Amino acid sequence: MLTDVHVAVIGGDARQLEVIRKLIEFDAKVSLVGFDQLDHGFTGATKYQLHEVAFEDVDAIVLPVPGTNLEGQVETIFSNEKVILTEDILKETKEHCKIYSGISNDYLNAITKSAGRELVQLFERDDIAIYNSIPTVEGAIMLVIQHTDFTIHNSNVAVLGLGRVGMSVARSFGVLGAKVKVGARRSEHLARVSEMGLTPFHLSNLETEMSNVDICINTIPYPVLTAGAISKMPSHSLIIDLASKPGGTDFRYAEKRGIKAMLTPGLPGIVAPKTAGKIVANVLSQLLMEDAQKRGESTS
Ligand code: NAP
């Protein structure tokens, strides 16, 4: 349990509602900032304006997946309040206060460091990344269906990258009956692709491999799908780029060639916000309990 643990949840979208629900279920003291327009009244959580929160009593701050922007502003879908997280606010918190965010940026790194507070980037964790790959794959399947006039079954699909997302994408499209090949650069990844019953190819052969591809799904956050590779693709082919912005595709060239190419960030939050929220909520509540246990607080 999280009895006596004070968590400030600052901003966020529908995913954060699952986090709030979980924190209340575990009996945490929950202060909400950026939720004043939310109809749902959470019994056991109190809505505040940022300046009203007693940060000197706060054990953990939970930010939305993107954290802050580069000016420190926190996204607040359920409020018009402009919420800026500053170093001074962090310095007010208890010394052991941790800041939980999905991802980070230079601003958030800088203020947490100078305030001497630990920043935890949840999306760097393997467990969250692997769970999140499930709604990501479902989103990718949805987009492919929406943007093609042929079935996934029997189509030639190239997946680039065999990380946490790439592995789930490759396996799922294989199960749907596509002829899947996977491009990677590490020999152990190529071996794993073979073991999965799919066709491996080394990324150095990408241009040659693209000539018969109907659908290319990129998961590599590096410019791999170059103009050279796209020039070899059939004109009817579709590129779904799952990698974080700016993706790994030469979108300018794809458009010039008339090949549909889409950068598709944030699919879990779009196709399954409830599941995406639960994924974060489950891991976060576990981490908060571990923190409280280390401090010798109530976790019975
Ligand atoms: P990951 O586990 O780190 O996998 C990344 C893959 O890219 C690995 O196979 C890695 O291979 C490869 N790679 C990285 N840099 C490379 C380079 N320079 N050349 C060749 N290969 C390279 O990451 P992940 O969790 O699968 O996530 C993949 C991307 O999807 C990330 O950008 C993530 O932010 C994004 N994502 C998007 C969504 C969405 O909704 N669109 C959802 C979740 C994640 P090596 O091991 O050889 O480095």
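I began with strand E9 (residues 156-160), which is mostly covered, as five of its five residues are buried, buried meaning under 20% relative accessible area, exposed over 50% and partly exposed in between, with a 1.4 Å probe and protein chains only. I took helices (H or I, at least four residues) and strands (E, at least two) as DSSP runs numbered from the N terminus. I note that this is a predicted model, in which local features need pLDDT of at least 70 and side-chain atom pairs count only at pLDDT 80 or more, while totals for chains, interfaces and linings use all residues. Residues are numbered from 1 along each chain as its sequence is written, and side-chain values use heavy atoms, with hydrogens and water left out.

I then looked up the directions in E9: Asn 156, Ala 158 and Leu 160 point one way, Val 157 and Val 159 point the other way, and all are buried. From E9 the chain crosses through helix H5 (residues 164-175) to E10, in a β-α-β crossover that is right-handed, that is, clockwise from the first strand over the helix to the second when the strands point away from the viewer.

For the pairing, which requires at least two DSSP bridges between two strands, I found E9 parallel to strand E10 (residues 179-184) over five bridges, with Val 182 in E10 as the bridge partner of Val 159. E9 also pairs in the parallel sense with strand E12 (residues 215-218), over four bridges, and there Leu 160 has Asn 218 as its bridge partner.

Next I turned to the ligand. Of the 22 residues around the ligand, counted when a heavy atom lies within 4 Å, those that come nearest are Val 165, Arg 185, Arg 186, Thr 264 and Leu 267. Among polar contacts (pairs of N or O atoms within 3.5 Å), I recorded a backbone N or O atom of Thr 264 at 2.7 Å from a ligand nitrogen atom, and one of Leu 242 at 3.0 Å from a ligand nitrogen atom. A backbone N or O atom of Gly 163 lies 3.2 Å from an oxygen atom of the ligand. The protein covers 76% of the 930 Å² of accessible area that the ligand has on its own, by the Shrake-Rupley method with a 1.4 Å probe.

Lastly I checked helix H3 (residues 106-115), where Leu 108, Ile 111, Thr 112 and Ala 115 are buried. They lie on the same side of H3 because they cover an arc of only 95 degrees around the axis, taken from the directions from the helix axis to the C-beta atoms. Asp 106 and Lys 113, on the other side of H3, are exposed.

Notes:
Polar contact = N/O pair within 3.5 Å; in protein donor to acceptor, adjacent residues only side chain to side chain.
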